[in-house]
Amino acid sequence: MDTWKIVALDTGTSILEKSILTYLTDVGTSIRIPRVMWYIEGQGHRIMVDTSVESETIARDVIGENLTRGPEQEPRAALALIGVDPASIDLVVFTHLHWDHCGNNNLFPQARFLAQRREISYAAAPGTFFQRAFLSPALGLMPPYAGIRLESVDGDQELWPGLELLHCPGHTPGSQAVRVKTTQGWHTISGDAIFTYENLNRDIPPGFHINVDQSMESMHRIARVSDVVLPSHDYGVFAGQPVAEFGT
Ligand SMILES: [Zn+2]
């Protein structure tokens, strides 16, 4: 079998100014979004895609964002909800290295960690506007990916049959999506290349990016190669349930 199962876990809730998600659109309105960690299982492997926000304190004090996290949204508790021991995870893939996608790495002591080479080098010395989003040492901060076994990948790559990394720049230089073959077709975990279904349905780029043209191209590419797109910050993924499963 070359198919995999994906489970989306809700590990926190934020209220954001909506145009952060939909570029220059609906300015002045707000939107409620999830902080999603993705679990993938198949072919003898247990994989996480992204490791969420480290703490409400970092969200508030460093980013200036009001993140709430109920007990069931604690990353360890969210994994317990689906019966997964974090120590059994053998690989963590980072879609990118922003603060809210790589924050709980010490939960996974047995894992290798993987990001795009371009992302690792940009995160080491981001443009000044983006320093805070990467928790850059230039601001005296400690990036959450410091001190882990971070390995690099360069461009598109098949990890195993039915599980592929797609380099999708625009949000950050080394953003990547994870394309996964399930019993219900090809699902793509987009990372912040696509924040919400609305980006796709209204053809609006995500509102936070280093290159808006690349953002559009990456969004269109993901849509083209996927039966189902799984955006990074849309409660629609959960369809009202505490966890959402894709494939069996
Ligand atoms: Zn991001």
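## Contact criterion and model

Two residues are in contact if their C-beta atoms, placed from the backbone, lie within 7 Å. The model is predicted.

## Overall fold

The protein has five helices and 13 strands. Its radius of gyration is 16 Å, close to the 18 Å that the globule rule gives for 248 residues, so the protein is as compact as a globular protein of that length. Along the principal axes, the C-alpha atoms fill a box of roughly 45 × 40 × 35 Å.

Of the 248 residues, 46% are buried. Sequence separation can be read from the contacts too. Take the contacts between residues at least 6 apart in sequence: 65% of them join residues at least 24 apart.

## Nonpolar core

The largest nonpolar core holds 54 residues. Within this core, Trp38, Ile40, Met48, Val49, Val92 and Val93 touch the most other members. Strand 2, residues 30–42, gives the most to the core, with seven residues. In soluble globular proteins, nonpolar side chains tend to be buried together.

Ile40 is one of the core residues named above. Setting aside residues up to four places away in sequence, Ile40 touches Trp4, Ile6, Ile47, Val49 and Val180. Val49 is also among the residues that touch the most other core members.

## Phe246

Phe246 lies in strand 13, which covers residues 243–246. Is Phe246 buried or exposed? The cut-off for burial is 20 or more other C-beta atoms within 10 Å. Phe246 has 21 C-beta neighbours inside 10 Å, so Phe246 counts as buried.

Beyond its neighbours within four places in sequence, Phe246 is in contact with Ile6, Thr182, Gln184, His187 and Val228. Ile6 is also touched by Ile40. Ala8 is 238 residues from Phe246 along the chain, yet their C-alpha atoms are separated by 8.4 Å.

## Ile120

Ile120 lies in helix 3, residues 117–124.

Which residues does Ile120 contact, leaving aside its neighbours within four places in sequence? They are Ala115, Leu150, Ser152 and Gly174. Asp26 is 94 residues from Ile120 along the chain, and the C-alpha atoms of the pair are separated by 33 Å.

Conventions
Residues are numbered from 1 along each chain as its sequence is written. This is a predicted model: local features need pLDDT of at least 70, side-chain atom pairs count only at pLDDT 80 or more; totals for chains, interfaces and linings use all residues. Helices (H or I, at least four residues) and strands (E, at least two) are DSSP runs, numbered from the N terminus. A residue is buried if 20 or more other C-beta atoms lie within 10 Å of its own, exposed if 12 or fewer, and partly exposed in between; C-beta atoms are placed from the backbone. A nonpolar core is a set of buried Ala, Val, Leu, Ile, Met, Phe, Trp, Tyr and Cys residues joined through C-beta atoms within 7 Å. The radius of gyration is taken over C-alpha atoms; the globule rule is 2.2 Å times the number of residues to the power 0.38.
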